[in-house]
Amino acid sequence: MDVEDMLRKLGKTSQLNFENDRVHVKEVEERINLRIKRKGSKLFKLPIPAIVTLLAITIIIPSWMGWNISQQKGMNSVTMHSNLSIENNDAVNNIIKILHEYSDIEVNDISNSQLTNVFLSVEKVVQLKTNKGQIDVAIFPESVDVESVKLVEDFSVPGNVTYTFTGLDIKEESTPLKASGPNYLFKKNHTLFLTNNSAIVKKLHDVYYLIEVHDEIFHSFGLNKDDYQYYRPQNNSKQEFVESENNLEKLSLESMKIIRSKLKKGDLMPAIFVNKVGTEAIVIYKSSDKTNHMYKFTFESTSEKWILKDNLSVQGGM
């Protein structure tokens with residue numbers, strides 16, 4: 001039974017696509033190999049591909065419109081306390097907003113981070129406490145290249161894991177830092193995300209990949225993404241959609257009838273965006289041949305139905 005078959009059995013519906021993230025898989029393999037050398041756990045006697053498969057199955061089981069469908073990069077549903085923010089820090093608030101809209105990571109609190117006194121040229125460091133675990137976030141000026149940053153961990157002393165960083169100027173007296181186990185690093189847009197939960201790193205990778213795809217699709221159709229709000233039917237608690245939730249559920253069903261038969265293996269999972277007044281919506285997705293698709297709907301108040309007004313396709317990138 002291959003990975004898709006297992007996912008299909010778990011979800012009890014057809015899976016459209018499954019793609020392992022090569023960088024993440026490589027990091028997992030490296031960590032597994034390291035731990036094999038240090039511990040004789042029964043789990044790590046499994047072949048590496050089998051372990052990676054098990055990890056992948058537990059990480060990627062997304063859904064949209066009631067379908068259990070895996071995306072090209074694996075996504076899940078969305079919730080977050082929308083009133084949680086940091087005063088006068090747009091960068092941190094933007095990260096919270098992104099997690100709110102694009103993932104099932106719920107930010108419950110913001111506190112001081114263990115990384116606060118580590119980096120020399122950092123603009124803001126915070127710790128986000130979420131329903132999935134803690135995420136330390138370090139935001140740097142645009143002039144700082146975070147892509148070169150590496151996480152260096154020391155597991156040589158049992159029960160005394162320590163770590164530091166290379167690739168950036170740090171305060172040597174503040175490192176190494178102590179940890180209860182392995183840590184995982186994600187880098188994006190001059191920002192470092194550090195967590196001890198590998199699934200969070202995978203979700204962050206998925207989130208920012210999907211944002212890039214959505215941005216590219218909007219641009220290809222000459223649309224301004226700021227004019228729309230990303231809507232995900234799995235999450236019925238998003239305050240901005242409460243009044244129109246029933247109508248948007250109708251949109252989900254109506255668009256599903258039209259689009260589902262057109263989707264093929266390898267296509268990115270469709271996404272719904274609604275304009276600010278809730279009378280117009282677009283459903284977009286990218287097919288495996290890199291074609292961008294857009295279905296435009298308008299809501300007719302007299303019939304209380306969403307009507308398909310346009311269907312466009314253009315060749316995209318990525």
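Me: Which residue stands opposite T162 in β8?
Reply: K178 does. This is a predicted model: local features need pLDDT of at least 70, side-chain atom pairs count only at pLDDT 80 or more, and totals for chains, interfaces and linings use all residues. Residues are numbered from 1 along each chain as its sequence is written, and side-chain values use heavy atoms, without hydrogens and water.

Me: What makes β7 and β8 a pair?
Reply: Pairing takes at least two DSSP bridges between two strands. Three bridges join β7 (residues 161–166) to β8, so the two strands pair. A strand is a DSSP run of E, at least two residues, numbered from the N terminus. The open sheet runs β6-β7-β8, with antiparallel pairing.

Me: Why do β6 and β8 stand at the edges?
Reply: Each has a single partner strand, so one side of each is left without a neighbour in the sheet.

Me: What makes β13 largely enclosed?
Reply: Buried means under 20% relative accessible area (exposed is over 50%, partly exposed in between; 1.4 Å probe, protein chains only). Six of the seven residues of β13 (residues 280–286) are buried, so the rest of the structure largely encloses this strand. Antiparallel partners are β12, by four bridges, and β14, by seven. A281 is the bridge partner of V274 and of F297.

Me: How do you know where confidence is lowest and highest?
Reply: By pLDDT, the predictor's confidence in each residue, from 0 to 100. Strand β2 (residues 67–68) has the lowest mean, 32, and β10 (residues 191–195) the highest, 97. The protein averages 76. Residues 35–82 stay under 50.

Conventions. Contact = heavy atoms within 4.5 Å.
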